[in-house]
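Here's a walk through a protein fold, taken one piece at a time. Keep the structure open and follow along.

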Amino acid sequence: IPLSPKDSAPLYVEMMGGSAKILAKGRELYAHGQYLLAQEILNKLVYAEPRNGEAKDLLADVFEQIGYQQESPSVRNSFLAAAFELRSGMPEGHPPKTLGPDMVRAMSTELWLDFLGIRVDPDQADGMTFTMNFRTSDTGDEFVVEMSNATLTNIKGFRHPDPDVDIAIARTDLLCVMMGTATMKEMVDAGKATVKGDVTVIEKLLGVMVRFTPDFEMVPGTKADPLAASLALSDGFESHNSEMDQLDADPHSGSTGACGIWSHALSELYPILLL
């Protein structure tokens with residue numbers, strides 16, 4: 001099994017004679033416009049020494065030139081974003097507001113179940129097995145959902161003859177669960193969903209879900225200091241809570257009518273899609 005770049009880079013740097021020789025060769029390649037060759041050795045140096053500012057600055061220059069030469073916007077943006085983060089660190093602040101009621105409504109139930117499968121942590125789900133019949137009562141869509149081999153899968157249009165649990169909920173009510181404004185348990189308690197069989201399956205599934213975060217490094221050594229990031233996040237939450245308090249004072253502000261949620265508040269939420 002190949003080693004990760006982080007684990008293999010120190011050996012490459014050692015075999016190339018250390019950081020000074022790599023930097024000298026990197027500058028030479030850069031000066032001759034051999035950017036792809038320059039990135040090969042500089043990338044390994046940055047992985048081996050993520051706090052080496054000189055190496056990061058030179059690699060940023062290389063990535064920038066490679067990005068400028070790309071016709072594909074996605075490839076261009078990847079290199080330019082990497083160059084920016086090498087020089088300035090990861091961007092701080094809240095992620096863009098991308099979630100809204102229209103986007104959630106456009107997501108099919110099948111796609112939502114697929115996304116739940118993506119969120120399963122295979123290590124935590126190891127040894128877990130169950131079958132579930134899932135039905136949206138107002139649309140008539142039926143799914144067999146199975147957890148096996150640490151993988152959650154679903155098949156539309158089928159029902160298991162002897163499932164561990166059977167769940168039925170209207171698609172209009174499921175939207176609240178998909179938006180993360182209610183849990184399946186809350187919908188059951190409110191009489192908006194019915195569960196037959198082993199109700200603990202829901203909690204077991206929820207327990208192996210991973211919540212994705214966008215604050216990962218594209219290149220090493222670019223993530224902010226954990227303490228500083230924690231303080232910034234705390235300040236952001238205080239500001240956000242103050243804004244939400246103002247919304248609470250005016251419950252008619254921007255009302256969407258769905259699940260009693262305001263579109264402004266929804267735009268702040270991640271697609272956590274909790275059960």
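What follows goes from the overall picture to the sheet, then to the cores and a few local details.

A word on ground rules before we start. This is a predicted model, so local features need pLDDT of at least 70 and side-chain atom pairs count only at pLDDT 80 or more, while totals for chains, interfaces and linings use all residues. Residues are numbered from 1 along each chain as its sequence is written, and side-chain values use heavy atoms, with hydrogens and water left out.

Start with the whole chain. The protein chain has twelve helices and five strands; these are DSSP runs numbered from the N terminus, with helices being H or I of at least four residues and strands E of at least two. Of its 275 residues, 36% count as buried (buried means under 20% relative accessible area, exposed over 50%, and partly exposed in between, using a 1.4 Å probe and protein chains only). Among contacts between residues at least 6 apart in sequence, 64% join residues at least 24 apart, where contact means heavy atoms within 4.5 Å.

Now for the sheet. Its five strands form an open sheet in the order β3-β2-β1-β4-β5, with mixed pairing. The edge strands are β3 (151–156) and β5 (193–197), each of which pairs on one side only. From one strand to the next, the twist averages 20 degrees; axes here are lines fitted to C-alpha atoms, for helices over the stretch in contact, and angles run from 0 to 180 degrees between N-to-C directions. Two strands count as paired if DSSP finds at least two bridges between them. As a reminder, strands of a sheet pair through backbone hydrogen bonds, either parallel or antiparallel.

Take β1 (residues 130–136) as your reference point. Six of its seven residues are buried. Seven bridges join β1 to β2 (residues 141–148), and these two strands run antiparallel, with T136 standing opposite D141 in β2. The β1–β2 hairpin has four residues between the strands, and there G140 takes a positive phi near 80 degrees. With β4 (residues 165–169), β1 makes five bridges and runs parallel; N133 has D166 as its bridge partner in β4. Moving on from β4, five bridges join it to β5 in an antiparallel arrangement, and the partner of A168 in β5 is T194.

Which helix lies across β1, β2 and β3? Helix α7 (residues 109–119) does, running at about 165 degrees to β3.

That brings us to the nonpolar cores. A nonpolar core is a set of buried Ala, Val, Leu, Ile, Met, Phe, Trp, Tyr and Cys residues joined through side-chain atoms within 4.5 Å. The largest has 33 residues, and those with the most contacts inside it are F134 and M147. At least two residues of this core come from each of α7, β1, β2, β4, α8 (171–178), α9 (184–189) and α10 (200–207). Helix α8 gives the most, with five residues. Apart from this core lies another, of 21 residues, including L42, A55, L59 and A83. As for M147, leaving aside neighbours within four places in sequence, its contacts include V120, M128, F130 and L205.

Next, the aromatics. There are three aromatic pairs in the structure; rings of Phe, Tyr and Trp (its six-membered ring) pair if their centres lie within 6.5 Å, with planes under 30 degrees apart counted as stacked, over 60 as edge-to-face and the rest as tilted. One of them is F63 with F79: the ring centres are 5.5 Å apart and the planes sit at 65 degrees, so the pair is edge-to-face. Because F63 lies in helix α4 (residues 53–68) and F79 in helix α5 (residues 73–88), this pair ties together parts 16 residues apart in sequence. F63 is buried, at a relative accessible area of 6%. Another is W112 with F134, whose ring centres are 6.1 Å apart and whose planes are at 50 degrees, so that pair is tilted.

Finally, look at the loop between β2 and β3, where you'll find N149 and A150. Most residues other than glycine have a negative phi. N149, though, has a positive phi of about 55 degrees, and A150 has one of about 60 degrees. Are these residues buried or exposed? N149 counts as exposed at 71% relative accessibility, whereas A150 is buried, with a relative accessible area of 16%.
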